[in-house]
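Thank you all for coming this morning.

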Amino acid sequence: MKQLTKAEEEVMIVLWELQKCNVASIIEKLPEPKPAYNTVSTIVRILESKGFVDHEQLGKGYLYFPLVKKSDYSNQSINKLVDGYFQGSFKSMVSFFMKKNDMSLSELESVLNEIKKEKP
């Protein structure tokens, strides 16, 4: 799966939220200052070429929808982060975030309990 630019990620976040929408709806959800219509339209076409988005015709316009699940992209991004900055060690990553974010033991226990709930 290809990595997205910051602008592409912003558009994908809106698409994941709305599921199916036109360019104008994407622009509405983006923060100020709002990008130009042509800019967002170009980003959506790039996302289509990367295989993240597809469209269906609605009248003279298009409705766009994500092809890649947010969870799949998140997993790939986290794995790339862990591999690139923590030599593939999730333990090193958790340790880093604990130290840098002043995470308490009770917060860490809460995270571990959540993980335990998720695993079969």
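Confidence in this predicted model is lowest in α6, at a mean of 82, and highest in α2, at 98, where pLDDT is the predictor's confidence in each residue, from 0 to 100. Over the protein, the average pLDDT is 91, and 98% of the residues score at least 70. The helices (H or I, at least four residues) and strands (E, at least two) that I name are DSSP runs, numbered from the N terminus.

Two notes on how to read what follows. Residues are numbered from 1 along each chain as its sequence is written, and side-chain values use heavy atoms, with hydrogens and water left out. Because this is a predicted model, local features need pLDDT of at least 70 and side-chain atom pairs count only at pLDDT 80 or more, while totals for chains, interfaces and linings use all residues.

Let me turn to the domains, whose bounds come from an automatic or database domain assignment. That assignment gives domain 1 (4-64) and domain 2 (69-116), and the centres of the two, taken over C-alpha atoms, are separated by 29 Å.

Next come the strands, where two strands pair if DSSP finds at least two bridges between them. Strand β1 (residues 53-58) and strand β2 (residues 61-66) run antiparallel and are joined by 6 bridges, and in β2 the residue Tyr62 is the bridge partner of Gln57. The two strands form a hairpin with 2 residues between them, and in the turn Gly59 has a positive phi of about 65°.

Now for some backbone details in the loops. Most residues other than glycine have a negative phi, and most peptide bonds are trans. Gln19, in the loop between α1 (6-18) and α2, has a positive phi near 70°, and Gln19 is partly exposed, with a relative accessible area of 46%. Gln87, in the loop between α4 (70-85) and α5, has a positive phi of about 50° although it is not a glycine, and Gln87 is exposed, at 69% relative accessible area. In the loop between α2 (23-29) and α3 (37-49) we find Pro33, and the peptide bond that joins Glu32 and Pro33 is cis, with omega about -10°.

Finally, the pocket. On a 1 Å grid over the protein atoms alone, a pocket is an open set of points with protein on both sides within 12 Å along at least five of seven lines, unlike a cavity, where a 1.4 Å probe fits but cannot get out, and lining residues have an atom within 4 Å of a point. Which residues line the largest pocket? They are Val94, Phe97, Met103, Leu108, Val111, Leu112 and Ile115, and the elements that give two or more residues to this lining are α5 (90-100) and α6 (105-118). Helix α6 gives the most, with 4 residues. The lining divides into 7 nonpolar, no polar and no charged residues, where Ala, Val, Leu, Ile, Met, Phe, Trp, Tyr, Cys and Pro count as nonpolar, Asp, Glu, Lys and Arg as charged, and the others, Gly among them, as polar.

Technical notes. Buried means under 20% relative accessible area, exposed over 50%, partly exposed in between (1.4 Å probe, protein chains only).
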